[in-house]
Amino acid sequence: MTAEIGNWSSGNPRVDYTIDFFYTPDKSIKQNVFSLIVLNGMIVKQDRDDEMWYISAFEGKTYAHVTAGEPSEELLQPQHRAKLEIVQKMIYEDLPLALQTIKRIK
């Protein structure tokens, strides 16, 4: 898994920054798993954007995430079936558990 600062903030004044997480088992595959989005301001669950899943809000920031959409073309190749299954497990089983651990740290 690798992480990069995303570019979601360009053109969206609500977004402070994002961190994009990728499954990168080799040089030919770079599959987005999810993005952590930090928004300016306190946004309550009812006001959230339908594209983003609310995590928490504190100290003037709101934290949300977006999971990946479709697999990359490379992962859809028959020879990468095992890698596709790994990233699917990450998204559907591991990610929900990891997101539960995001808490306010003082």
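Trainee: Why is Lys61 called partly exposed?

Mentor: In this predicted model, Lys61 has a relative accessibility of 22%. Buried means under 20% and exposed means over 50%, so Lys61, at 22%, counts as partly exposed.

Trainee: What makes Lys61 and Asp16 a salt bridge?

Mentor: The N to O distance between their side chains is 2.8 Å. The cut-off is within 4 Å, between a side-chain nitrogen of Lys or Arg and a carboxyl oxygen of Asp or Glu, so the pair qualifies. Lys61 lies in strand 5 and Asp16 in strand 2, so the bridge ties together parts that are 45 residues apart in sequence.

Trainee: Why does the pair of Lys83 and Asp26 count as a salt bridge?

Mentor: Their side chains meet at 2.6 Å, N to O, and the rule asks for within 4 Å. Lys83 is in helix 1 and Asp26 in strand 2, so this pair joins parts that are 57 residues apart in sequence.

Trainee: How do you know that Arg81 is exposed?

Mentor: Its relative accessible area is 58%, and exposed means over 50%. Glu85, which meets Arg81 in a salt bridge (3.2 Å, N to O), has 43% and is therefore partly exposed.

Trainee: Why is Ser35 called buried?

Mentor: Ser35 has 3% relative accessibility, and buried means under 20%. Ser35 is found in strand 3.

Trainee: What makes the pair of Ser35 and Asp20 a polar contact?

Mentor: Their side chains come to 2.6 Å, and the limit for a pair of N or O atoms is within 3.5 Å.

Technical notes: Residues numbered from 1 in each chain as written. Predicted model: local features only at pLDDT ≥ 70, side-chain atom pairs only at ≥ 80, totals over all residues. Heavy atoms only, no water. Helix = DSSP H or I, 4+ residues; strand = E, 2+ residues; numbered from the N terminus. Buried < 20%, exposed > 50% of the residue type's maximum accessible area, 1.4 Å probe, protein only. Polar contact = N/O pair within 3.5 Å; in protein donor to acceptor, adjacent residues only side chain to side chain.
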